[in-house]
Amino acid sequence: MDDTQGTPDVGPARAKAAQDLSVPAILMMVMGGFWVLYSLYGMVGSAGSTEAQMDAINTVLAQYPPDLQEKMRGLVAAFSSPGFRILSSLPGLLLNAAVVFGAWKMKNLQTYGLAMTAAILSCIPCCGPCCGLGIIPGVWALVVLNRADVKAAFR
């Protein structure tokens, strides 16, 4: 009895494409995963200003007029609010979650468009994983993804 029944045919060209995309996809998943965790920490971690931070802020503000001190304390409170932390971390979380998901699809040779999108997002320094370190696996993935044999392996 043939025990390969039901499994897709994995030709040598498809296996080569999967091997060529494996390392950049894994690097993109790892870096994007770290950035997702960092964004989640930014949302929920270090809630508010600590007493030591407020003492340092008050020391710096002591040289300014009282009305400016109050405005600056209000500004510090706004920037350390949970709403601001969530809003400022959300874009990084979403973009890097897309990089991780697209890299997973790339590694499995599924959804060519999503794999290309993840590679492009990884190349954008302010959006991609690890503040610019994602450029290396992103460009590597783009070069490999644009080869004709790799495009054919996704079909």
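1. In what order do the elements of the protein chain run from the N terminus on? They run α-α-α-α-α-α-α, and the secondary structure comes to seven helices and zero strands. Here helices (H or I, at least four residues) and strands (E, at least two) are DSSP runs, numbered from the N terminus.

2. A word on what you are looking at. This is a predicted model, in which local features need pLDDT of at least 70 and side-chain atom pairs count only at pLDDT 80 or more, while totals for chains, interfaces and linings use all residues. Residues are numbered from 1 along each chain as its sequence is written, and side-chain values use heavy atoms, with hydrogens and water left out.

3. Let's start with the whole chain. Of its 155 residues, 31% count as buried; buried means under 20% relative accessible area, exposed means over 50%, and partly exposed lies in between (1.4 Å probe, protein chains only). The chain exposes about 9,400 Å², and carbon and sulfur atoms supply 70% of that area. Such accessible areas come from the Shrake-Rupley method with a 1.4 Å probe, and for residues only the protein chains shown count as cover.

4. Contacts come next. A contact means heavy atoms within 4.5 Å. Take the contacts between residues at least 6 apart in sequence: 70% of them join residues at least 24 apart.

5. Now look inside. The largest nonpolar core has 22 residues, and those with the most contacts inside it are Leu21, Met28, Met106, Ala119, Leu145, Val150 and Phe154. Helix 1 (12–44), helix 4, helix 5, helix 6 and helix 7 (148–154) are the elements that give two or more residues to this core. Helix 5 gives the most, with six residues. A nonpolar core is a set of buried Ala, Val, Leu, Ile, Met, Phe, Trp, Tyr and Cys residues joined through side-chain atoms within 4.5 Å. As background, nonpolar side chains tend to be buried together in soluble globular proteins.

6. Is Leu145 buried or exposed? With a relative accessible area of 0%, Leu145 is buried. Leu145 has its place in helix 6 (residues 135–145). Leaving out residues up to four places away in sequence, Leu145 touches Leu21, Met106, Tyr112, Ala115, Met116, Ala119, Val150, Lys151 and Phe154. Leu145 and Tyr112 are 33 residues apart along the chain, and their C-alpha atoms are separated by 8.2 Å.

7. Val60, Tyr64, Leu68, Met72, Leu75, Phe79 and Phe84 make a nonpolar surface patch of about 610 Å². Patches are made of residues with over 30% relative accessible area and no salt bridge: like charges are joined within 9 Å, and nonpolar side chains (Val, Leu, Ile, Met, Phe, Trp, Tyr) within 5 Å. Helix 3 (residues 66–79) supplies the largest share of the patch, four residues.

8. Asp20 counts as buried at 16% relative accessibility, whereas Arg147 is partly exposed at 30%. Asp149 also forms a salt bridge with Arg147, with the closest N and O atoms 3.3 Å apart. Salt bridges that share partners join Lys16, Asp20, Arg147 and Asp149 into one network.

9. Finally, a backbone detail. Most residues other than glycine have a negative phi. Leu109 sits in the loop between helix 4 (82–107) and helix 5 (112–123), and Thr111 is found in that loop too. Leu109 counts as buried at 5% relative accessibility, while Thr111 counts as partly exposed at 42%.

How values were computed: Salt bridge = Lys/Arg side-chain N within 4 Å of Asp/Glu carboxyl O.
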